[in-house]
Amino acid sequence: MSRLFLSDRIPYDTGTNAISRLLERLRRQGVEVLNLTETNPVKAGFVFPLEALHAGIVQESISGYDPHPRGLQEAREAIAGYYEEHGIHVHPEAIYCTSSTSEAYSMLFKLLADPGDEILVPEPSYPLFDYLALFEALKPVPFRLGYGKGAKPMVNRDSVETVCSNRTRALIIVNPNNPTGSYLDEDDRKFLTEFCRRRGIALIVDEVFHDYCFLETKPPSVLSQEMPCLQFTLNGLSKTLCLPQMKLSWFVVSGPLRYQRKAQSRLDILLDFYLSVNTPVQVAAPVLLSRREEIQEAVRLRCRDNLAFLQSTMKEIDGIDVYPVEGGWSVVMKVWRIDDEEEFVLRLLEDHHVLMHPGYFYNFIDGENLVLSLLPSIETFRDGIRRFVKAIYDW
Ligand SMILES: Cc1ncc(COP(=O)(O)O)c(C=O)c1O
């Protein structure tokens, strides 16, 4: 038999696990599972006004094709307008459109690093970073976000200093973090920008959940602060407008001008080879972004309601702490009474037909955390939490 060579960039262990296999079996048996991990806004019932989608997309200019590596001027101006509404001046020329935030990471990794170089990724956080780095033949190197006294995860600065090597090329931070819902602390931000400046590496800040704030005053975007290092700030319609199907994201280049120029001259070449963002969504961007408040307010209301229900229910139960959430779509519970997250999640699914994520999916290391989405409908969420309480008492 002849041989077939394939790249090692794609790990084999991304397929099924015990939870996905059980879920599949239950679905085959016709069991209705309450999915408290749903983060697809469309599946959670957030439907963008159809007439705005029509008005945005059905325009004469969609029949033309005059691409630009940074994205169409009208799309970039609309995105600059989004920041203007937040009191931040971003020049449209500093904006690059991509088809997803994941794609933005892959472009930035190509810009910043060579095969074998290292990217510092936060833990616990969004689990895709490891894979996105591996797909570019880079090595993801974790640094810890540790829960401090106030139960707000802070950057473990020793961990950052220790894991940084002469192959490190970028550091990622998520603001607010997924799934802990914590906005980047101002002291941590200063530490990270100064650290990146000193090490000559770039800071990548993922702000896809930035608008979904539970605090009275929303912490400012990192784009409104001074930046001593080369910085890339990511966002997109998939979270900002609950429109993952539209495939439009972006990143903003900022920092010292000479670094920006160097980065942008290379980015212009790189993105010109892909031109991956379709014209209709870019043409529609101004109309879509103008409807931001309606959809975001609906999501915030749902998340607040679900969070309040969770907090009031868990207050009555010993051995469960709901970590404070400042923003985002997720919440983490520390469940002191379980010593094996996965075993508990499997039992909850098998016996009570409720799906939650074990903390290790997000690189929590103490084995006692459960991660929930705040997006499910009020009925699904409440029913799921009531069944969870039963499961806890049965445990
Ligand atoms: C922190 C974070 N960044 C990026 C993404 C992916 O966004 P996109 O759908 O634009 O690729 C997600 C998706 O959940 C996320 O949680």
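Predicted model: local features only at pLDDT ≥ 70, side-chain atom pairs only at ≥ 80, totals over all residues.
Trainee: Understood. Which residues come nearest to the ligand?
Mentor: S100, T101, S102, Y126 and S238 come nearest, out of 13 residues around the ligand.

Trainee: And how does that shell divide into nonpolar, polar and charged residues?
Mentor: The shell around the ligand has 8 polar residues, 4 nonpolar ones and 1 charged one.

Trainee: Turning to helices, at what angle do α4 and α9 cross?
Mentor: The axes of α4 (residues 101–112) and α9 (residues 257–272) cross at roughly 125° and come within 10 Å. Because of that angle, α4 is oblique to α9. The crossing is right-handed.

Trainee: Which residues make the contact?
Mentor: From α4 there are M107, K110 and L111, and from α9 there are A263, R266, L267, L270 and L271. By class, this contact of α4 with α9 has 6 nonpolar and 2 charged residues, with no polar ones.

Trainee: Now the sheet: in what order do its strands lie?
Mentor: The order in this open sheet of 4 strands is β10-β11-β14-β13, with antiparallel pairing.

Trainee: How many bridges join β13 to β14?
Mentor: There are 2 bridges between β13 and β14 (residues 369–373), and the two strands run antiparallel. P358 stands opposite L370 of β14.

Trainee: Which helix lies across β10 and β11?
Mentor: That is α11 (residues 292–315), which runs at about 155° to β10.

Technical notes. Residues numbered from 1 in each chain as written. Pairing = 2+ DSSP bridges. Contact = placed C-beta atoms within 7 Å. Axes fitted to C-alpha atoms, helices over the stretch in contact; angles between N-to-C directions. Near = placed C-beta within 6 Å. Nonpolar A, V, L, I, M, F, W, Y, C, P; charged D, E, K, R; others polar. Parallel < 35°, antiparallel > 145°, perpendicular 65-115°, else oblique. Left-handed = near helix turned anticlockwise from the far one by under 90°.
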